[in-house]
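Notebook open. I want to look up a ligand site, some helices and a few single residues. Structure loaded below.

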Amino acid sequence: MATTERSFIENIWDFFCSLKLTMFLLISLALTSIIGTILPQGQLPPEYVAQISATKLQIYTKLGFFDMYHSWWFITLLYIFSLNLISCSIKRLPHVFKFVSEPTLVLGESSRNSFSLKKEIVISATPENGKEALNTFLGAEFSTPVITEHNGEYHLFAQKNAWSRLGVYVVHLSILVVFVGAIIGSLAGYKGYVSIVEGTGINTVESRNGSQIPLGFEVFCEKFNVDFYPTGAPKEFRSILTILENGKPVPGYSQVKVIVNQPLSYKGITFYQSSYGQATEGTEHFITVTSRKGGTPEKISVREGASVTLKDGTQFKLLEATQEVRQFAPGFSGPAARIEVTHKGFAPQVFIIFKDYPEMNAQRGDALIFNYDGTSAKMYTGLQVAKDPGVWVVWLGCTLMVIGLFIAFFMSHKRIWVVVSRGHARIYGNVNKNPAAFEMQFDAIADKFKQLKI
Amino acid sequence: MTSSMLFNVTTLAYLISMLMFFVFLASKNKTVGNAACYIAYTGFIVQTVAIGLRWKESYDQGVGHAPLSNLYESIVFFTWTIILIFALIDFKYKYRVIGAFVVPFALLGMAWAQLGMNTGIEPLVPALQSNWLLYHVITCFLGYAAFAVACGISIMYLIKTGIEGSGGSASAGGLLSMFPPTKVLDDLNYRSIMIGFPLLTLGIITGAAWANYAWGTYWSWDPKETWSLIVWFVYAAFLHARITKGWVGKRAAWLSVIGFAATIFCYLGVNLFLSGLHSYGGGAK
Ligand code: HEM
């Protein structure tokens, strides 16, 4: 009974240590990850819900396909992945350490034959004197050897980059470090969003799950602007922000420019330019109406969607207004409004009036000329807000990974033995990786070795 | 002289190079093989000049930025890196015949870019105005190119083991004798991926760093990000396949081919079939 139990545990251990499991996990992670790139994630768009059958929707929801990277089975895969990494390292690391800390100082007769890299010279000196000379030689040409006497022979062992065998484990460890960083971020940090109207401030942000998080300070939006290229493509979205503590601007955080790719960080919380728009609530638009017959112009102020009756009985309606008309009327820029004008006894006519093109406005409107004067509307800036105390751990992991990969791929553990006996000395070389490069180095050393006169 | 003319010359050079590589395969004439290689390198030099010139032209137009900002420019850069990695492997290992399986990728890219795409220089939208763009794109594409070379080598490996395995060496023996030994192909495949994998890793990391800098999240499971991770998983599987019983050889070569297919999907398919943050090819975000 005891033995089967033991072997059961051993089996489990072997299972978690096996590279077959690693292959299975890597391929499973690759395949399952595809699901989340095809199906919508998070909030489902109504159009999607409308076109998918109810049974499918139910099954997918049950399986967590709509939030698959956080679903129980995907997380489980990641846990097994981590377990696999950890147990594999626990199993192999001691061997590697032993290999590095207790190198093979003495080459046995049988193992000597297995070397493909070897050379022999004849020496006339005694082994004692020969070993001294070869000690100096190896120290100068490769690295200082350790000398061991064995059965009347001297074994000189020298190595380089033994620790490079740990490179692979640095890579594996780095993956775990990244996971730890991600977990810290998800437990102790948050992602949120806030929109701030020009000339106002906020002190809470809305987190992704909808709750309000107090910041502990105030963020005030002084101004928001958009610049455009001559082609009409946006060039820069720019918020000017000020941080206030107890109602007072914090030195160094006053009138800070925040643009895409240039966030603002304060007390571990970072604000990223992400969207913008016009704050429409309660905004008035100003229009000047001039009669072609003369007389004092009439100034009106209306809200979007509202109607006004003008002095001469004409019905005026503001359909919509924008502060940048370029995308609606190519070739024009700046603020504009789309209006509906109904002269008494006529059909309504709809047209666009501009702020910066009065000559265009003068061509419309029959007896009246309409000019758009702008709005009291303010812009709002939309900021992503993030607090992530784990991010430095993630970068640490990434750095370790790159270093580890470099060591694992481009550095090799090189070993050279010289066995000095009566009448001759033999040199042997071995490397764990990239044998071609080492062969050249070994051949160069062996050539000098052959020319030694000892 | 404009960059666009030079890009046409480049395309032509890769076309001629590829045809000569095919002649080389059929004729086994070494001179033809060398000429095919040198023509590819000439194309590479012309392309290098053209990329530099396009960079300068963008400054002349007042929208100065590195020519890595849209699908057209990225494809051109991709083909450039493919030939670069091929050249590295060629100088080091001198197996010219690999060119017959790698230059076609470069030609395909250039032909598509020159014939099927809008080649105009566009200003950078705000999201792309960052030095991270440069680091991110360069590392990613160098990685992709190494995978392209590995894929070409894997195809050679699979052809060679496939034909030799089925005993059909008589029919294709002539052609196959040009191929490096399977052991060498296997090794070169590994070496290419050894170049590509750290570069892809760096590409993913620089992308994450950039996303964190621009949006405050280093990872958001955007389809492009996810696909780059899928590619990374596949090549990690490849690296372990080589040391796992039952996975050595053919299966590893298939993983390399699948890895490159996933790479291409990550690069193009995601924009064509899925939606996300990356503006290459799709509408601007
Ligand atoms: C469950 C997860 C994993 C396990 C159990 C695992 C295990 C192993 C083992 C046992 C080795 C061989 C070490 C040796 O040569 O003595 C290895 C090599 C390696 N692993 Fe992993 N690994 C895992 C995941 C990964 C991942 C995700 C990466 C991605 C970076 C990776 C990168 C490497 C590299 C670069 C090598 C060296 C391969 C070579 O030299 O050709 N490993 N791994």
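**Terms and conventions.** I call a residue buried under 20% relative accessible area, exposed over 50%, and partly exposed in between, with a 1.4 Å probe and protein chains only. The model is predicted: local features need pLDDT of at least 70, side-chain atom pairs count only at pLDDT 80 or more, and totals for chains, interfaces and linings use all residues. Residues are numbered from 1 along each chain as its sequence is written, chains are lettered from A and ligands numbered from 1 in the order in which they are written, and side-chain values use heavy atoms, with hydrogens and water left out. Helices (H or I, at least four residues) and strands (E, at least two) are DSSP runs, numbered from the N terminus.

**Entry: A:Asp447.** I looked up A:Asp447 and found it in helix α11 (residues 435–451) of chain A. Its relative accessibility is 43%, so I log A:Asp447 as partly exposed. I then took A:Glu128, 319 residues away along the chain. The C-alpha atoms of A:Asp447 and A:Glu128 are 23 Å apart.

**Entry: the ligand site.** Which residues come nearest to the ligand? I count a residue as near if one of its heavy atoms lies within 4 Å. There are 20 residues around the ligand, and A:Thr22, A:Asn84, A:His172, B:Tyr190 and B:His240 come nearest. The surrounding residues come from chains A and B, so I note a site shared between chains. By class, the shell holds 15 nonpolar residues, four polar and one charged. The classes: Ala, Val, Leu, Ile, Met, Phe, Trp, Tyr, Cys and Pro are nonpolar, Asp, Glu, Lys and Arg charged, and the others, Gly among them, polar.

Next I checked polar contacts, meaning N or O pairs within 3.5 Å; within protein, one atom must be able to donate a hydrogen and the other to accept it, and residues adjacent in sequence count only if both atoms are side-chain atoms. A:His172 has a side-chain N or O atom 2.7 Å from a nitrogen atom of the ligand. For B:His240, a polar side-chain atom is 2.6 Å from a ligand nitrogen atom. For B:Tyr190, a polar side-chain atom is 2.6 Å from a ligand oxygen atom. I also listed the elements giving two or more residues to the shell. Chain A supplies α2 (19–38), α5 (72–101), α8 (167–188) and α10 (391–410). Chain B supplies α7 (182–215) and α8 (223–241).

Entry: I compared span with expectation, which is 1.5 Å times one less than the number of residues. Helix α3 (residues 71–93) of chain B has 23 residues and reaches 33 Å from first C-alpha to last, close to the expected 33 Å. Of those 23 residues, 18 are buried, so α3(B) is largely enclosed by the rest of the structure. Just after α3(B), I found B:Lys94 with a positive phi of about 60°.

Helix α4 (residues 99–116) of chain B has 18 residues and should span 26 Å; its end C-alpha atoms are 25 Å apart, which agrees. I listed its buried residues, among them B:Gly99, B:Phe101, B:Leu107, B:Met110 and B:Gln114.

**Entry: two asparagines with positive phi.** Most residues other than glycine have a negative phi. I looked up A:Asn151, where phi is near 50°. A:Asn151 lies in the loop between β2 (146–150) and β3 (153–160) of chain A. Is A:Asn151 buried or exposed? At 71% relative accessibility, A:Asn151 is exposed. I then looked up A:Asn261, where phi is near 75°. A:Asn261 is in the loop between β9 (256–259) and β10 (264–266) of chain A. A:Asn261 is buried, at 7%.

**Entry: further single residues.** A:Trp73 lies in helix α5 of chain A. I log A:Trp73 as buried, at 15% relative accessibility. A:Leu63 is ten residues from A:Trp73 along the chain, and their C-alpha atoms are separated by 8.5 Å.

A:Ala347 lies in the loop between β16 (336–342) and β17 (349–354) of chain A. At 57% relative accessibility, A:Ala347 is exposed. Its C-alpha atom is 52 Å from that of A:Lys56, 291 residues apart along the chain.

B:Val23 is in helix α1 (residues 3–27) of chain B. I log B:Val23 as partly exposed, at 43%.
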